[in-house]
Amino acid sequence: MTYKIAVIPGDGIGNEVVPQGVRALEAAARRFDLSLDFIDCDFASCDYYERHGRMLPDDWREQLGTMDALFFGAVGMPERVPDHITLWGSLLQFRRVFDQYINLRPCRLMPGIKSPLAGRKPGDIDFYVVRENTEGEYSSVGGKMFEGTEREVVIQETVMSRTGVDRVLKFAFELAMTRPRRKLTSATKSNGISITMPWWDERVAEMAGHYPEISLDKFHIDILAANFVLHPDWFDVVVASNLFGDILSDLGPACTGTIGVAPSANINPEKTFPSLFEPVHGSAPDIFGKGIANPIGQIWSAAMMLEHLGHQDAADAVVRAIEKVLAAGPDEAPLTPDLGGRGITDELGNAIANAIKAS
Ligand code: NAI
Ligand code: MG
């Protein structure tokens with residue numbers, strides 16, 4: 001079968017790193033005999049916005065809805081278009097309309113990368129953050145009263161549904177089942193947030209009944225954040241509500257070094273809609289055009305996409321190729337400046353594609 005992949009570079013360095021992700025995918029497709037059909041999309045960018053007055057074409061749901069996956073770069077050029085327009089007009093639409101209710105980020109310390117945490121080496125940090133991506137604290141329920149007066153009141157409600165919470169928990173337990181340690185950590189705050197969070201804990205306990213093989217623990221979000229820094233080796237899969245997951249899914253990758261290597265996936269596990277794969281970083285206007293953007297976050301996102309499509313062997317080959325090139329170090333491999341090297345985006349992408357071919 002042929003997979004249809006929408007390629008959406010977006011803005012800034014998205015245009016520099018996405019081609020390297022495609023190059024890695026092409027190498028993996030050849031090596032593992034996969035058929036990938038890339039469909040280039042120019043929307044979800046400030047260029048498109050300046051030409052059309054909107055971020056997306058009217059029929060974007062039809063265009064993208066038939067894809068097997070969306071391969072996304074980054075969106076945003078705040079000096080040209082305000083960030084809330086670019087983000088709400090594109091990426092957040094994809095996540096919502098395509099019910100990508102899982103946000104998944106691996107936090108793995110790669111060879112050759114120095115962790116900001118003292119004394120940590122590759123192998124010490126290797127876990128996933130699973131964030132609920134559609135409800136929870138990020139609801140639009142609430143309002144303002146007596147605006148602009150001394151009596152001004154604002155309320156914003158947390159919305160958690162059994163459907164919404166159970167499906168993210170199920171995904172997290174299933175992911176933990178695929179990993180050797182079979183360990184799941186739940187982020188809670190049932191001491192302070194006295195209605196939704198004790199209920200979250202109950203849903204976790206109930207779901208745990210279906211997974212007796214999983215060793216389960218939970219931490220309040222405050223000490224959990226501290227433990228990411230103090231004991232990152234404790235974690236295997238961490239599941240969290242939208243807000244807690246947002247924070248943990250930035251802190252986790254930060255513990256593993258440069259933002260240039262971190263990947264992420266926005267997943268609709270049932271595959272009713274296409275899932276979206278993108279690096280954690282943004283469009284980096286400060287380095288755009290210099291050719292020095294690190295393409296690894298984008299290439300690792302390509303590996304997550306291959307895994308989602310069911311090709312674990314190809315996904316593993318891409319990750320191993322990244323590790324091999326990183327392990328070679330800046331003297332042997334064309335690592336980009338953020339990795340301490342003098343390489344450019346194209347050279348690093350090429351080196352990784354060659355390592356995939358040779359795998
Ligand atoms: P950013 O991630 O674009 O950049 C932060 C810093 O990291 C910059 O100094 C940048 O040069 C560096 N950096 C980022 N990616 C890199 C790479 N691959 N290689 C080497 N260095 C890299 O975040 P920032 O500056 O806060 O946002 C810039 C724009 O990107 C904004 O419009 C923002 O809204 C957007 N953004 C979009 C995201 C998305 O599309 N998912 C995510 C984050 C930000
Ligand atoms: Mg965030």
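Helix 1 passes helix 12 in a right-handed crossing, and in this predicted model the two helices, residues 14-32 and residues 345-357, pack at an angle of about 15° with their axes 9 Å apart. Because angles under 35 degrees count as roughly parallel, helix 1 and helix 12 are described as roughly parallel to each other. The points below start with the residues of this contact and then turn to the other topics.

**Helix 1 with helix 12**

- On the side of helix 1, the contact is made by Glu 16, Val 17, Gln 20, Arg 23, Ala 24, Ala 27, Ala 28 and Arg 31.
- Helix 12 answers with Thr 345, Gly 349, Ile 352, Ala 353, Ile 356 and Lys 357.
- Sorted by class, the contact of helix 1 with helix 12 holds seven nonpolar, three polar and four charged residues.

**Helix 11 with helix 12**

- Helix 12 also packs against helix 11, at an angle of about 125° and with the axes 8 Å apart, and the two helices are therefore oblique to each other.
- As seen from the handedness of the pair, helix 11 passes helix 12 in a right-handed crossing.
- Helix 11 contributes Ala 317, Val 318, Ala 321, Ile 322, Lys 324 and Val 325 to this contact, while helix 12 contributes Ala 351, Ile 352, Ala 355 and Ile 356.
- The residues of the contact of helix 11 with helix 12 comprise nine nonpolar, no polar and one charged.
- Ile 352 and Ile 356 of helix 12 take part in the contact with helix 11, and these two residues are also listed in the contact with helix 1.

**Helix 10 with helix 11**

- The axes of helix 10 (residues 296-308) and helix 11 (residues 312-332) come within 7 Å and cross at roughly 160°, which makes helix 10 roughly antiparallel to helix 11.
- In this pair the crossing is left-handed, as helix 10 passes helix 11.

**Domains**

- The domain assignment of the chain gives domain 1, made of 1-106 + 269-359, and domain 2, made of 126-255.
- The C-alpha centres of domain 1 and domain 2 lie 26 Å apart, and their contact takes 12 residues from domain 1 and 14 residues from domain 2.
- Helix 5 (91-97) and strand 4 (102-108) each supply at least two residues of the side of domain 1 that touches domain 2, and the largest share of that side, five residues, comes from strand 4.
- That side of domain 1 divides by class into six nonpolar, two polar and four charged residues.

- Which of the 23 residues around ligand 1 come nearest? They are Gly 76, Gly 260, His 281, Gly 282 and Asn 294.
- The shell around ligand 1 is made up of 12 nonpolar, seven polar and four charged residues.

Terms used:
Residues numbered from 1 in each chain as written. Chains lettered and ligands numbered in written order. Predicted model: local features only at pLDDT ≥ 70, side-chain atom pairs only at ≥ 80, totals over all residues. Axes fitted to C-alpha atoms, helices over the stretch in contact; angles between N-to-C directions. Helix = DSSP H or I, 4+ residues; strand = E, 2+ residues; numbered from the N terminus. Parallel < 35°, antiparallel > 145°, perpendicular 65-115°, else oblique. Left-handed = near helix turned anticlockwise from the far one by under 90°. Near = placed C-beta within 6 Å. Nonpolar A, V, L, I, M, F, W, Y, C, P; charged D, E, K, R; others polar. Domains from an automatic or database assignment. Contact = placed C-beta atoms within 7 Å.
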